[in-house]
Amino acid sequence: MIKALVFDVGETLIDETRIWSRWADRLGVTRLTFLGVIGGVAALKRSHREAFQIVRPGLDVEAEIEAWAEDEPDSLRNHFDADDLYPDVREALRGLREAGYQVIIAGNQPERAYDALVAMDLPADSIHTSDGWGVAKPQPEFFAKVAQVAGRAPGEILYVGDRLDNDVLAAKRAGMHVALLRRGPWGFLHAAQPEAAEADVVIDSLHDLLPYLRG
């Protein structure tokens, strides 16, 4: 029986459109160009970081982030806030908690994302980031931490994410149930792959979770 739901962050809870669009502005290419390259690397099952090298070969991303912070110390830059939440997040998470499920947020995010998520006052029992744990998806140690903070056996956990590599396949190897969310470039592309059959359920909205669990 599933007793806890654990949610990825980027393109599961957070709409990253503004972030990638700001990166396009920073890199000096059109937003359509950079978003298209992001979709291209997703389709090729390659890291999103390769998109930076495609449009700006040799770019030191970390150095660029530091320079950006100096140039725009008061802007969000490549970060997010409550305005970037997908519309279904608060209501869906609240409904799950009211139904008696434990709700946890845990994704591949920098430490600063933890403060941003906490500030949103989301209906979640706890929030965690890969940088805070010192281990990232798809490493099995990440999912061991998920089970630890949930205080549950892996088979009692449903992990919700938008990717096959980081979410579906990795969580299944850890013994968890998985919901693949058709949201964002990875979500739509990965849901069309044969490996999507490894997911326990494929959903189009977080509102689909409660009917699935009840059914």
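Which residue just after H9 takes a positive phi? I looked, and Gly175 does, at about 90°. Helices here are DSSP runs of H or I with at least four residues, strands are runs of E with at least two, and both are numbered from the N terminus.

**Ground rules**

I am working on a predicted model, where local features need pLDDT of at least 70, side-chain atom pairs count only at pLDDT 80 or more, and totals for chains, interfaces and linings use all residues. Residues are numbered from 1 along each chain as its sequence is written, and side-chain values use heavy atoms, with hydrogens and water left out.

**Entry: helix H9**

I stayed with H9 and checked burial. I call a residue buried under 20% relative accessible area, exposed over 50%, and partly exposed in between (1.4 Å probe, protein chains only). Leu164, Asn166, Asp167, Val168, Ala170 and Ala171 of H9 are buried. I then asked what covers them. The cover includes H8, strand S4 (157-161), S5 and H10. Contact means heavy atoms within 4.5 Å.

**Entry: salt bridges**

I counted salt bridges next. The rule is a side-chain nitrogen of Lys or Arg within 4 Å of a carboxyl oxygen of Asp or Glu. The count comes to 16.

Asp167 forms a salt bridge with Lys137, and the closest N and O atoms are 2.7 Å apart. The pair links distant parts of the chain: Asp167 sits in helix H9 (residues 164-173), Lys137 in the loop between H7 and helix H8 (140-150), 30 residues apart. Asp167 is buried, with a relative accessible area of 0%. Lys137 is buried too, at 7%. I also found Asp8 here: Asp8, Lys137 and Asp167 are linked in a network of salt bridges.

I moved to Arg183. Its salt bridge partner is Asp88, with the closest N and O atoms 2.6 Å apart. Arg183 lies in the loop between strand S5 (177-181) and helix H10 (184-191), and Asp88 in the loop between H4 and H5, so the pair ties together parts that are 95 residues apart in sequence. Arg183 is buried at 9% relative accessible area. Asp88 counts as buried because its relative accessibility is 7%.

I noted the surroundings of Asp88 as well. Leaving out residues up to four places away in sequence, Asp88 touches Arg183, Ser205, Leu206 and His207.

I checked one more pair. Asp165 and Arg163 meet through their side chains in a salt bridge, 2.8 Å from N to O. Asp165 is partly exposed, at 30% relative accessible area. Arg163 is buried, at 14%.

**Entry: H2 against H10**

Where do the axes of H2 and H10 stand to each other? The axes of helix H2 (residues 31-43) and H10 come within 9 Å and cross at roughly 35°. Axes are lines fitted to C-alpha atoms, for helices over the stretch in contact, and angles run from 0 to 180 degrees between N-to-C directions.

I listed the residues that meet. From H2 these are Ile38, Gly39, Ala42 and Ala43; from H10, Pro185, Trp186, Leu189 and His190. By class, the contact has six nonpolar, two polar and no charged residues.

**Entry: nonpolar cores**

I looked up the cores. A nonpolar core is a set of buried Ala, Val, Leu, Ile, Met, Phe, Trp, Tyr and Cys residues joined through side-chain atoms within 4.5 Å. The largest has 50 residues, and Phe7, Phe34, Leu206 and Leu209 have the most contacts inside it. A second, separate core of 23 residues includes Val135, Leu164, Val168 and Val178.

I followed Phe34. Setting aside neighbours within four places in sequence, Phe34 is in contact with Trp20, Trp23, Ala24, Leu27, Val29, Ala51, Phe52 and Val55.

Ile2 is in the segment before strand S1 (4-7). Ile2 is buried, at 14% relative accessibility. Beyond four places in sequence, Ile2 touches Tyr101, Glu156, Leu158, His177 and Leu213.

Gly132 counts as exposed because its relative accessibility is 54%. Its C-alpha atom is 8.5 Å from that of Gln109, 23 residues apart along the chain.

Note on methods. Nonpolar A, V, L, I, M, F, W, Y, C, P; charged D, E, K, R; others polar.
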